[in-house]
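User: I am new to this structure. Please walk me through the terms as we go.

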Amino acid sequence: MYYESAWGVGDFHVKVAESGELVRFNYRVVDPKKAAVLNDKKLEPELDDAQARVKLSVPQLEKVGKLRQQSTPKAGMTYWMAFSNPTLAVKRGHRVDVVIGSFRATNLVVE
């Protein structure tokens with residue numbers, strides 16, 4: 001409820017990809033104006049895992065670009081971003097924080 005009223009987003013999911021080298025963060029937009037900060041191209045998202053003592057970033061691929069959606073958010077839509085996990089430090093069951101500018105989603109369980 002806090003995230004929906006303060007940031008216009010909710011229904012968070014953090015999931016390790018099959019290979020383990022990517023960690024995907026999904027969120028649903030409730031209020032596009034409040035949620036705009038999550039899709040801001042100028043801000044660099046970060047996934048913090050205190051247990052593994054790592055901070056992951058969104059990779060920039062040569063032909064694809066950043067592995068995140070940066071379009072203007074729309075209500076009811078689900079958006080995603082993928083964090084690079086090359087050392088496989090972040091694992092299922094870990095609790096992580098996602099930080100994007102002043103937005104911070106804390107204590108999310110990795111699926």
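User: Where is the place of Asn 39?

Analyst: Asn 39 sits in the loop between helix H2 (32–35) and strand E3 (46–49). Helices (H or I, at least four residues) and strands (E, at least two) are DSSP runs, numbered from the N terminus. A note on the source: this is a predicted model, where local features need pLDDT of at least 70 and side-chain atom pairs count only at pLDDT 80 or more, while totals for chains, interfaces and linings use all residues. Residues are numbered from 1 along each chain as its sequence is written, and side-chain values use heavy atoms, with hydrogens and water left out.

User: Why is Asn 39 called buried?

Analyst: Its relative accessible area is 3%. Buried means under 20%, exposed over 50%, partly exposed in between (1.4 Å probe, protein chains only). Asn 39 is therefore buried.

User: Which residues is Asn 39 in contact with, leaving aside its neighbours within four places in sequence?

Analyst: They are Tyr 27, Arg 68, Gln 69, Gln 70, Ser 71, Pro 73 and Tyr 79. Contact means heavy atoms within 4.5 Å. Tyr 79 is 40 residues apart from Asn 39 along the chain, yet their C-alpha atoms are separated by 8.8 Å.

User: What makes Asn 85 buried?

Analyst: A relative accessible area of 0% makes Asn 85 buried. Asn 85 lies in the loop between strand E7 (78–84) and strand E8 (95–100). Its side chain reaches the backbone nitrogen of Ala 89 at 3.2 Å. Not counting residues up to four places away in sequence, Asn 85 touches Gly 20, Glu 21, Leu 22, Val 23, Leu 56 and Val 90.

User: In what order do the four strands of the open sheet come?

Analyst: The order is E4-E3-E8-E9, with antiparallel pairing. Strand E4 (54–57) and strand E9 (103–109) stand at the edges, because each has a single partner strand. Neighbouring strands of this sheet are turned by 20° against each other on average, direction ignored.

User: How do you know that E3 and E4 pair?

Analyst: Two strands pair if DSSP finds at least two bridges between them. E3 and E4 have four bridges, in the antiparallel sense. For Asp 49, the bridge partner in E4 is Val 54.

User: Which residues touch the most other members of the largest nonpolar core?

Analyst: Of its 29 residues, they are Val 9, Phe 12, Phe 25, Tyr 27, Leu 47, Phe 83 and Phe 103. A nonpolar core is a set of buried Ala, Val, Leu, Ile, Met, Phe, Trp, Tyr and Cys residues joined through side-chain atoms within 4.5 Å.

Terms used: A polar contact is a pair of N or O atoms within 3.5 Å; within protein, one must be able to donate a hydrogen and the other to accept it, and residues adjacent in sequence count only if both atoms are side-chain atoms. Axes are lines fitted to C-alpha atoms, for helices over the stretch in contact, and angles run from 0 to 180 degrees between N-to-C directions.
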